[in-house]
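Hello,

Here is the structure I promised to pass on to you.

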Amino acid sequence: MKTFDYVRPTTISGAIAAAAEPGAAYLASGTNLLDLMKGGIARPNRLVDVTRLPGLDRIERLPDGGIRIGALVRNADLAHDADFAKSYPAVAEALLSGASAQLRNAATVGGNLLQRTRCGYFYDPASACNKREPGAGCDARDGENRLHAVLGWSEACIATHPSDFCVPLVALDAVVEIEGRTGRREVAVETLHRLPGDTPERESALEPGDLIVALRLPSEARAFAQHARYLKVRERTSYAFAVVSAAAALRIEQGTIRDARLALGGVAAKPWRARPAEDILAGASPDPAVFRRAAMAALVDAKPSGDNQFKIELAQRILVRALMLAAAGTPQRIPALPASPFSSVPGALHHA
Amino acid sequence: MNLSIGLTVNGVRRDVELEDPRVTLLDLLRERLHLTGTKKGCDRGQCGACTVLVDGRRINSCLALAVSHDGADILTIEGVARGDQLHPVQAAFIAHDGLQCGFCTPGQIMSAIGLIREGQAGDDPERVREGMSGNLCRCGAYSGITEAVLDAQVIVSLVEADQRRTA
């Protein structure tokens with residue numbers, strides 16, 4: 001690990017000033033950043049420790065019925081907050097399907113939003129990676145790429161965004177509050193992350209010094225609480241990133257879907273909102289044929305970036321399963337294996 | 001750059017001068033305080049061997065910068081027994097053969113203590129396995145580990161109930 005200066009500001013304005021310098025990076029819990037620094041992938045000259053900034057560790061119910069979550073709230077605390085889990089169950093389930101209990105105890109809301117891709121070539125300094133070193137090329141294009149993107153990728157980069165948390169956030173129109181050199185602004189989580197295009201090194205809408213201070217979910221998102229699930233296929237039962245995941249949220253009245261929210265994870269450089277599929281679902285009855293049609297619409301623009309043709313069919317099946325589970329109703333308690341499509345009972349079809 | 005931090009480690013106040021901000025909490029415990037019970041497995045947050053409790057919560061100490069934890073209260077495997085009396089989780093690991101080579105065991109035990117404090121798993125073995133999935137065991141002692149955690153949880157709750165009665 002390259003050495004660095006360490007500063008621990010006590011005000012947000014002090015943090016922004018310290019982090020706006022070239023080569024500076026914010027440190028919250030560091031569960032992703034320290035890993036990247038140990039591997040020589042991130043090489044900041046200065047770490048600006050934001051963990052002692054006041055007022056960023058609260059979960060607040062807003063007067064308009066929405067919820068505001070401070071950027072330093074830990075993933076585990078958010079997932080286990082009773083009001084939050086009841087109101088936004090797919091978000092809680094996504095949080096609990098990510099990482100391990102130790103990491104969820106440490107990792108923050110802001111850090112999760114900004115975690116980097118898990119592309120193996122990005123993580124290997126001996127490989128060419130346009131994201132790590134613009135213009136270097138992309139060894140993933142002709143490499144081991146069965147887990148790479150099928151939507152929104154470019155010749156420059158086929159990496160995926162690894163977050164579970166962000167998938168239902170995008171589906172439910174979450175917004176981040178950002179403090180920067182020019183004041184405070186708001187950005188929808190859907191536009192926070194960028195597709196690679198010709199500049200895969202630019203991963204988000206953040207400018208130097210920008211600090212995410214809070215995340216908000218609108219009160220309208222509560223309307224889906226009765227029919228909301230997150231489903232995630234992994235290569236092992238627990239403690240693994242998604243091969244493909246889906247968040248599905250429905251508002252059902254008298255047997256008809258009034259409103260639907262859908263997003264996919266593990267398929268693109270950003271959490272992928274599936275609006276064409278939502279349009280098909282609105283006004284339809286919740287049955288498997290409609291779900292299949294919606295899933296096909298969600299993936300209509302997908303194309304393999306390598307040995308990952310299977311992810312297109314897999315994503316459709318996971319969307320259908322997520323919709324079926326959402327239509328069946330949010331379980332009273334998050335299942336023992338959160339977001340898992342697999343049963344712990346051998347041979348049984350899982351409908352957790 | 002000289003950075004001085006203060007920590008409470010296993011109930012004892014420790015003041016440490018750091019010449020370098022790169023020191024992880026894991027390396028501080030092992031190299032500076034010579035508490036080598038906490039193990040360095042992968043050093044990248046993937047194996048759980050370095051698990052300790054920080055302010056009562058289990059975390060991976062390899063992915064924690066020591067300097068960022070100034071003022072924290074740390075509990076390591078060296079601090080869980082009372083003299084010769086093992087912690088109920090330690091005793092349960094022995095009783096259920098929840099180990100073979102023992103390298104992952106301090107992390108497993110600290111993680112289990114954290115899991116029991118979190119109170120989310122109850123008596124469901126599937127929830128215990130899921131809650132312990134951040135701790136790898138290359139010897140594959142998982143079935144004994146699950147039994148040990150379930151058993152220890154009952155004993156810890158009995159001990160706590162007893163303490164409440166006598167308090």
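**What I found**

Three strands of chain A make an open sheet in the order E1-E3-E2, and their pairing is parallel. Strands here are DSSP runs of E with at least two residues, helices are runs of H or I with at least four, and both are numbered from the N terminus. Two strands pair if DSSP finds at least two bridges between them. E1 and strand E2 (24-27) of chain A are the edge strands, each with a single partner strand, so one side of each has no neighbour in the sheet. On average, neighbouring strands of this sheet are turned by 25° against each other, direction ignored. Three bridges join E1(A) to strand E3 (residues 46-49) of chain A in the parallel sense, and A:Tyr6 has A:Leu47 in E3(A) as its bridge partner.

Before you read further, please note that this is a predicted model: local features need pLDDT of at least 70 and side-chain atom pairs count only at pLDDT 80 or more, while totals for chains, interfaces and linings use all residues. Residues are numbered from 1 along each chain as its sequence is written, and chains are lettered from A and ligands numbered from 1 in the order in which they are written.

Chain A also has an open sheet of four strands, ordered E9-E10-E11-E12, with antiparallel pairing. Strand E9 (228-233) and strand E12 (272-273) of chain A stand at its edges with a single partner strand each, so one side of each is left without a neighbour in the sheet. Strand E11 (residues 256-265) of chain A runs antiparallel to E12(A), and two bridges join them. A:Leu264 is the residue opposite A:Trp272 in E12(A). Helix H5 (residues 89-96) of chain A lies across E9 and strand E10 (244-253) of chain A, at about 25° to E9(A). For such angles, axes are lines fitted to C-alpha atoms, for helices over the stretch in contact, and the angles run from 0 to 180 degrees between N-to-C directions.

Two backbone angles may interest you. In the loop between E9 and E10 of chain A, A:Tyr239 has a positive phi of about 60° although it is not a glycine. A:Ala339, in the segment after helix H12 (310-328) of chain A, has a positive phi too, near 65°. Are these residues buried or exposed? A:Tyr239 counts as buried because it has 21 C-beta neighbours inside 10 Å, and A:Ala339 is buried with 28 other C-beta atoms within 10 Å. The cut-offs are 20 or more other C-beta atoms within 10 Å for buried, 12 or fewer for exposed, and in between for partly exposed, with C-beta atoms placed from the backbone.

A:Lys86 lies in helix H4 (residues 82-87) of chain A and is partly exposed, with 13 other C-beta atoms within 10 Å. A:Lys86 and A:Ala225 are 139 residues apart in sequence, yet 7.0 Å apart in space, C-alpha to C-alpha.

Now to the interface: 24 residues of chain A are in contact with 28 residues of chain B, contact being C-beta atoms, placed from the backbone, within 7 Å. Strand E1 (5-7), helix H2 (33-38) and helix H6 (101-106) of chain A each supply at least two residues of the side of chain A that touches chain B. H6(A) gives the largest share of that side, five residues.

Best wishes

Notes: Two residues are in contact if their C-beta atoms, placed from the backbone, lie within 7 Å.
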